[in-house]
Amino acid sequence: MDRVIGCGEAVRHLWEFLDQGLDDDDQQAVEEHLAFCMRCCGELEFARQLRRRLRATGVGGLPGDVAERLGRFIDDLGSGESGGGVA
Ligand SMILES: [Zn+2]
């Protein structure tokens, strides 16, 4: 089943993706998006490093500034995507 998702959706799922909290369909959809999207690949690497750091320090959640950064990124993608033809 081919399902192409946009950057906004991929980034929204990024954290769960790292947590492996997605079901198989979503997990695969994110993987496929990351395979061709350099922009989200950069964000994935950022999230992955962050995740590792949080785990190492034993902090559970996202620091406020990081959540804000991700939120801005998603907003940015959302505005760029309207009329782009990506479902
Ligand atoms: Zn993307």
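Where is the place of Q20 in this chain?

1. **Q20.** Q20 has its place in the loop between helix 2 and helix 3. This is a predicted model, and in it Q20 shows a positive phi of about 55 degrees although the residue is not a glycine. Is Q20 buried or exposed? Q20 has 7 other C-beta atoms within 10 Å, so it counts as exposed, because the cut-off for an exposed residue is 12 or fewer.

2. **The overall fold.** Stepping back, the protein chain contains 5 helices and 0 strands, and reading along the sequence gives the pattern α-α-α-α-α. Of the 87 residues in the protein chain, 14% are buried. If you look at contacts between residues at least 6 apart in sequence, 70% of them join residues at least 24 apart.

3. **The core.** Which residues form the largest nonpolar core? It has 9 residues: C7, A10, V11, L14, F17, A29, V30, C40 and L77. At least two residues of this core come from each of helix 1 (7-12), helix 2 (14-19) and helix 3 (24-36). Helix 1 gives the most, with 3 residues. As general background, nonpolar side chains in soluble globular proteins tend to be buried together.

4. **Helix 3, length and buried side.** The 13 residues of helix 3 should span 18 Å at 1.5 Å a residue, and its end C-alpha atoms are 19 Å apart, which agrees. Buried in this helix are A29, V30 and H33. Seen down the axis of helix 3, the buried residues fall within an arc of 95 degrees, so they line one face of the helix. An α-helix has 3.6 residues a turn, so residues three or four places apart point the same way.

5. What do the buried residues of helix 3 pack against? Their partners are helix 1, helix 2 and helix 4. A29, one of the core residues, also touches R3 and I5, leaving aside residues up to four places away in sequence. On the face turned away from the buried side, helix 3 carries the exposed residues D24, E31 and A35.

6. **R39.** For a last stop, look at R39 in helix 4 (residues 38-57). R39 has 15 C-beta neighbours inside 10 Å, so it counts as partly exposed. Its C-alpha atom is separated by 8.2 Å from that of C7, although R39 and C7 are 32 residues apart along the chain. C7 itself belongs to the largest nonpolar core.

Terms used: Residues are numbered from 1 along each chain as its sequence is written. This is a predicted model: local features need pLDDT of at least 70, side-chain atom pairs count only at pLDDT 80 or more; totals for chains, interfaces and linings use all residues. A nonpolar core is a set of buried Ala, Val, Leu, Ile, Met, Phe, Trp, Tyr and Cys residues joined through C-beta atoms within 7 Å. A residue is buried if 20 or more other C-beta atoms lie within 10 Å of its own, exposed if 12 or fewer, and partly exposed in between; C-beta atoms are placed from the backbone. Helices (H or I, at least four residues) and strands (E, at least two) are DSSP runs, numbered from the N terminus. Two residues are in contact if their C-beta atoms, placed from the backbone, lie within 7 Å. The expected span of a helix is 1.5 Å times one less than its number of residues. The arc is that of the directions from the helix axis to the C-beta atoms.
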